[in-house]
Amino acid sequence: MTGTGRTGHVEIDFSVYNPFDIEFIRDPFPTLDRLLTEYPVAFHTGINAWLVSPHQLAMDALRDPRFSSRMTDWADAPPPKPESQWTLYDRVHEHSLLVVERSEHLRLRRLTNPAFSRRVMDKIEANIADAVAGIFDEIENPREFNVATEIALKAPVRSIARMVGVPPEAAELFEEGLGWNSVRATNPMYAAEDRERYVNGTLPGLQYILDMVAARRASGDPGDDFIGTLIATEEDGERLTDLEIVSLIQGLVTAGADTAVDVHTLAIYALLSHPGQRALLRSRPELSEDAVVEILRWGAPGKFGGIPRFPLADTELGGQLLEKGSFVMPLFSPAWNDPARWPDPRRFDITRDHSGNIIFGAGPHLCIGLNLVKVQAKLMIEEFERRFGDTAELTGEIEYDPMHFNARRMTRLMVATGA
Ligand code: HEM
């Protein structure tokens with residue numbers, strides 16, 4: 001059903017946009033075009049959210065301070081848990097970038113920015129390269145392998161572990177215990193009791209990181225790696241507390257372990273299916289960051305967007321009146337394929353001008369991990385080219401997980417190596 005609802009809204013339902021329909025997952029582009037042209041801002045009655053598709057309007061919503069990103073500003077937010085029942089998970093969550101109020105968010109971003117600078121990233125690049133090489137070592141020299149399960153699922157969480165400086169003996173505790181449990185704990189596709197189990201599964205990992213940060217601070221010489229920079233950064237007499245650092249690290253694995261999986265599968269898929277662009281990247285490695293952005297834009301893996309927004313008062317957007325407290329989701333895949341921003345959007349072109357894009361969001365919540373994503377994807381492509389470059393080719397059908405909550409997640413992307 002589509003049309004104008006009781007409140008005068010443009011309304012759509014799953015017949016227009018069903019992100020769990022396998023036909024949409026295999027080929028989303030006709031649907032994305034329809035959203036852009038017929039329903040640029042529409043209330044989805046099945047999802048109970050406003051969906052915003054055009055690049056400019058999605059960017060406006062991300063930047064506009066009248067749209068809050070705090071769940072507590074949602075009219076249907078669940079009631080807060082009484083403080084007497086809080087665990088370490090809740091105490092850490094209090095400091096999350098998605099929970100704190102605006103001025104506190106600004107303070108946290110100011111104090112965390114130096115740890116995500118190019119300087120620190122360059123220092124840890126060798127560590128991440130080592131992690132990526134280790135993942136390829138595990139598959140040895142196969143005749144054929146599945147990029148989705150053997151490379152893409154492993155690379156993001158291991159890169160974050162290396163960035164944080166987790167020692168090998170705590171890898172399992174960090175990656176599975178803290179990382180994947182945190183991702184699952186925030187996934188609304190799971191039943192409430194399962195999410196509770198995943199929340200509890202994060203506790204030993206959270207405690208481990210808390211102890212690690214406290215020990216580094218107590219040593220008197222935090223060092224200049226990622227955690228050391230977070231501990232040492234001081235502005236106007238302000239520093240991050242141990243709980244704030246733990247919260248940030250948990251935010252990184254929650255936001256980064258799963259989202260960055262798709263950039264790895266899409267990188268191999270995009271480059272092997274566009275030999276001209278692949279040859280261009282090989283001859284001009286300085287294009288690698290643009291290539292990563294273009295891989296995401298062209299691949300359009302997202303079913304929804306980044307962080308939802310909640311209008312603080314009734315607010316007009318794209319000719320629609322969005323009520324205070326409603327759930328607003330800027331949709332990234334249509335925005336990344338909006339011909340008003342990207343001429344000939346289905347053309348894969350790593351030399352495109354990507355300035356002013358919202359691939360990693362925009363405004364105050366701009367993705368904190370974007371340098372890491374670019375570095376890890378670049379390293380994965382280089383390692384792939386080094387090992388299988390001249391003979392690799394795509395084989396077989398691509399398969400997807402239709403029930404993945406927010407990504408058109410590939411579960412099977414086979415590559416024959418010629419070995
Ligand atoms: C392909 C991979 C990724 C994409 C496309 C992506 C994109 C985004 C987007 C669109 C936002 C929200 C912007 C907004 O709503 O205003 C965001 C926020 C965020 N991202 Fe990423 N991201 C990726 C990977 C990562 C990684 C690997 C990390 C961590 C290492 C990370 C950490 C974060 C954090 C912590 C936030 C919240 C920032 C804040 O609230 O201030 N992301 N990202």
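Which of the 26 residues around the ligand come nearest?

A: This is a predicted model, in which local features need pLDDT of at least 70 and side-chain atom pairs count only at pLDDT 80 or more, while totals for chains, interfaces and linings use all residues. Residues are numbered from 1 along each chain as its sequence is written, and side-chain values use heavy atoms, with hydrogens and water left out. Around the ligand there are 26 residues, of which His105, Arg109, Arg309, His365 and Cys367 come nearest; a residue counts as near if one of its heavy atoms lies within 4 Å of the molecule.

By class, this shell holds 18 nonpolar, six polar and two charged residues, where Cys and Tyr count as nonpolar and Gly as polar. Helices H5 (102-112), H13 (242-256) and H18 (370-388) each supply at least two residues of the shell, and H13 gives the most, with three; helices here are DSSP runs (H or I) of at least four residues.

The iron atom of the ligand has Cys367 (SG) as its only protein donor, at 2.3 Å, donors being N, O and S atoms within 2.8 Å of the metal (3.2 Å for Na, K and Ca), and because water is not among the atoms, sites may look incomplete. Cys367 itself is found in the loop between helix H17 (332-336) and H18.

A side-chain N or O atom of His365 lies 2.6 Å from a ligand oxygen, a polar side-chain atom of His105 is 2.7 Å from a ligand oxygen, and for Ile307 a polar backbone atom is 3.3 Å from a ligand oxygen.

How values were computed: Polar contact = N/O pair within 3.5 Å; in protein donor to acceptor, adjacent residues only side chain to side chain.
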